[in-house]
Amino acid sequence: MQLNDKASIRRALAAATCTLLGSASQTSHAEGSDEKWRVDTSVLYYSEQDRVTVVEPVVFLRKTTGEDSFVNFRLIYDTMSGASANGATPTNKPQTFTSASGTSTYTTPAGKTPLHDFSDQRVAVAVEWDKPVDHLSRAIYGINASTENDYRSIGLSATRLRDFNDKLTTLTLGIAGSYDSVMPIGGAPIPMQLMSAAVPSPAGGEGDEGEGGKTKLVADAIVGITQVLTRRALTQFNYSIGYSSGYLTDPYKVVSVIDATGATLDYRFESRPDIRLRQSLYWKTAYHFDHDVMHFAYRYYWDDWGIHAHTADLHYRMELWKGAYLQPHLRYSTQTAANFYTYSLLNTSPVPTYASADYRLGDLTTTTYGLKLGIPVGRTSELNLRVESITQSGNGYPADAIGIQKNYDLFPTINTTVVQITYTGRF
Amino acid sequence: MTLLRRAGYWEGTFEAMASPCSVLAEVASAAEARRLLDLARVEALRIEAKFSRYRQDNILHRINSSGGQPIEVDDETAQLLDYAAHCHTLSQGRFDITSGILRRVWRFDGSDRVPSADAVAALLPWIGWDKVTWRRPHITLPAGMEIDLGGIGKEYAVDRCALLLAAETRASLLINFGGDLFSTGARADGHSWRVGLDDPSATGSASAGEIEIRRGAVATSGDARRYLLKDGIRYVHILDPHTGWPVPGAPHSVTVVAGSCLEAGMLATFAMLMGHDAEKFLLDQHVTHHVIR
């Protein structure tokens with residue numbers, strides 16, 4: 001240790017010590033109140049071009065209840081409005097649709113993709129308790145509930161994390177369950193019934209079977225392992241399995257019934273199996289450069305409806321100056337269609353048990369480009385802005401389109417913009 | 001926790017940070033002595049709980065188990081990290097709070113179990129404060145690395161307690177946490193506090209002499225009971241984070257007198273890290289010191 005100005009070490013130490021003790025003594029009265037609250041507030045704006053718009057304010061509060069123990073509280077209020085594709089294909093005539101109860105109708109002009117107008121509000125609350133169990137384990141217990149005009153959900157979750165191997169390995173086990181009620185506006189249609197045959201219900205708003213709603217149960221389990229590979233690299237591997245049973249059909253979706261010329265004759269209300277078994281494998285790796293951090297994730301998903309999906313996701317956090325950062329995001333996802341997905345039903349073919357023209361169950365490719373900018377505000381707060389552009393596309397001109405169907409884009413590309421502003425503060 | 005009446009002062013003792021801790025107070029009543037002792041004890045235990053590497057429920061554990069993610073720290077932790085970073089620079093990287101993982105291979109238990117060169121070299125990629133991203137209030141510790149504030153914690157606790165207690169009383173106090181001590185001033189009769197120095201080469205309670213302090217701090221680095229002996233070579237427990245090996249020529253112990261326990265402790269540690277040049281370094285710093293070889 002060659003030191004040029006040798007005596008300066010003592011002076012430098014004295015100055016540093018003075019800073020440490022001087023400031024510590026000033027803050028000594030605040031020791032008991034070391035960051036008790038963390039608040040995240042954000043507003044998310046989601047807009048599908050010509051379709052759905054969602055404005056979603058979120059308030060997240062985290063209260064530190066002890067050394068390393070937290071209670072998280074989340075409140076979300078969504079206002080959704082706009083139009084979503086009802087599943088029918090465009091055709092050369094205006095199309096009129098009637099709800100299951102016959103109480104409401106809407107018309108789509110010739111040549112346009114039929115969209116169903118809607119507006120809804122959703123309130124969701126969630127509370128989570130996160131605390132150490134022993135020196136190697138943590139437990140997180142959660143309860144959540146949400147309500148919309150036509151949907152209600154209540155759920156419970158439990159997660160256990162355990163460290164092994166000098167904390168280089170973490171095992172995660174989680175289970176979650178929810179009980180949902182669907183109360184379709186205009187009643188729940190009879191699956192595969194022709195729209196023209198739907199019997200208007202005088203009461204209106206009631207389901208065809210005289211029920212106010214349908215229910216479904218969802219159970220999920222996850223097992224994961226996180227491994228520190230080197231001082232710069234971390235990898236994570238998860239397997240998750242989910243089981244849904246009950247009313248899994250979308251009451252607002254229909255399938256066009258066409259003849260051999262491709263002309264639309266009628267519509268059938270869609271029908272989905274009442275059980276779905278979902279599985280996925282997820283692999284994520286993070287690499288820490290000198291300052292920047294890169295995250296790459298790949299997911300393979302499959303279910304017993306026949307959907308197989310591959311998703312790759314890349315985030316790169318670039319540290320700018322004074323704590324600011326810029327984070328580009330790229331995501332690519334591609335999925336195969338469910339077995340019962342169809343563009344339309346031919347009137348001469350037997351009526352299948354299950355059929356849906358919901359584009360979300362079709363062959364679908366989703367590409368996301370995003371950018372996030374974070375700026376520190378003061379010492380303990382951060383403001384960040386996230387902008388993403390999402391494109392969902394499929395095959396609009398399939399080889400098996402019939403007659404005049406060939407003239408129309410049966411799978412219009414959906415462009416979505418997401419803008420989110422978040423403020424994080426600590427008190 | 002015990003409180004005893006001595007000649008002209010009260011001596012309160014408790015255990016914290018794996019050390020016997022005592023507070024000597026020249027106050028009249030037992031109640032006042034107990035109040036001061038309680039304040040010191042609560043503060044010492046608070047600091048221990050917050051920064052001990054043996055606990056899994058504190059900020060240190062959160063940082064060490066962050067797996068490469070940034071962790072936001074409170075002001076006090078930030079001040080200590082700033083201080084540690086400063087000491088790293090001043091010692092040209094010899095004092096390094098990331099070097100604690102060398103404990104996995106070095107156990108100074110008096111045996112001859114010197115680790116293999118490979119075992120030591122394998123840990124070096126996980127050592128080095130320069131590999132840590134510290135941008136107050138966020139620390140990003142590369143996965144697998146650990147920090148340990150053990151080299152600062154006890155001295156910091158002494159100085160903090162001295163500040164707290166001095167704000168409560170004008171009486172003379174001597175705070176002694178395991179040999180790191182601070183006196184708030186001369187005793188009422190004008191005499192200094194006299195403190196026996198431990199002889200590190202003896203295993204018993206033999207004294208290597210006495211130090212007198214009026215106002216100021218004394219700290220010792222080194223512990224001759226912690227060593228390895230193999231093939232006639234004695235390996236002292238002060239390690240060089242650059243090599244992962246004991247500093248050649250390091251004294252058995254270094255004791256320094258300074259204005260605060262932190263300064264005294266750091267100067268003593270820096271001197272140990274200088275090895276053969278410990279005495280020269282201390283002379284250059286113009287500090288009162290005592291080196292045992």
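In this predicted model, Val255(A) stands opposite Arg268(A), a residue of strand E13(A). Strand E12 of chain A (residues 254–258) pairs with E13(A) in the antiparallel sense, over five bridges; pairing requires that DSSP find at least two bridges between two strands. Both belong to an open sheet of three strands with mixed pairing, ordered E13-E12-E18 in chain A. Strand E13 (264–269) and strand E18 (344–346) of chain A are its edge strands, each pairing on one side only. Strands (E, at least two residues) and helices (H or I, at least four) are DSSP runs numbered from the N terminus.

Turning to the contact between the chains, 46 residues of chain B are in contact with 41 residues of chain A, a contact being two C-beta atoms, placed from the backbone, within 7 Å. On the side of chain B that touches chain A, H3(B) gives the most, with seven residues. The predictor assigns the complex an ipTM of 0.85 and a pTM of 0.60.

Where pLDDT is low, the predicted coordinates should not be read in detail.

Local features need pLDDT of at least 70 and side-chain atom pairs count only at pLDDT 80 or more, whereas totals for chains, interfaces and linings use all residues. Residues are numbered from 1 along each chain as its sequence is written, with chains lettered from A and ligands numbered from 1 in the order in which they are written.
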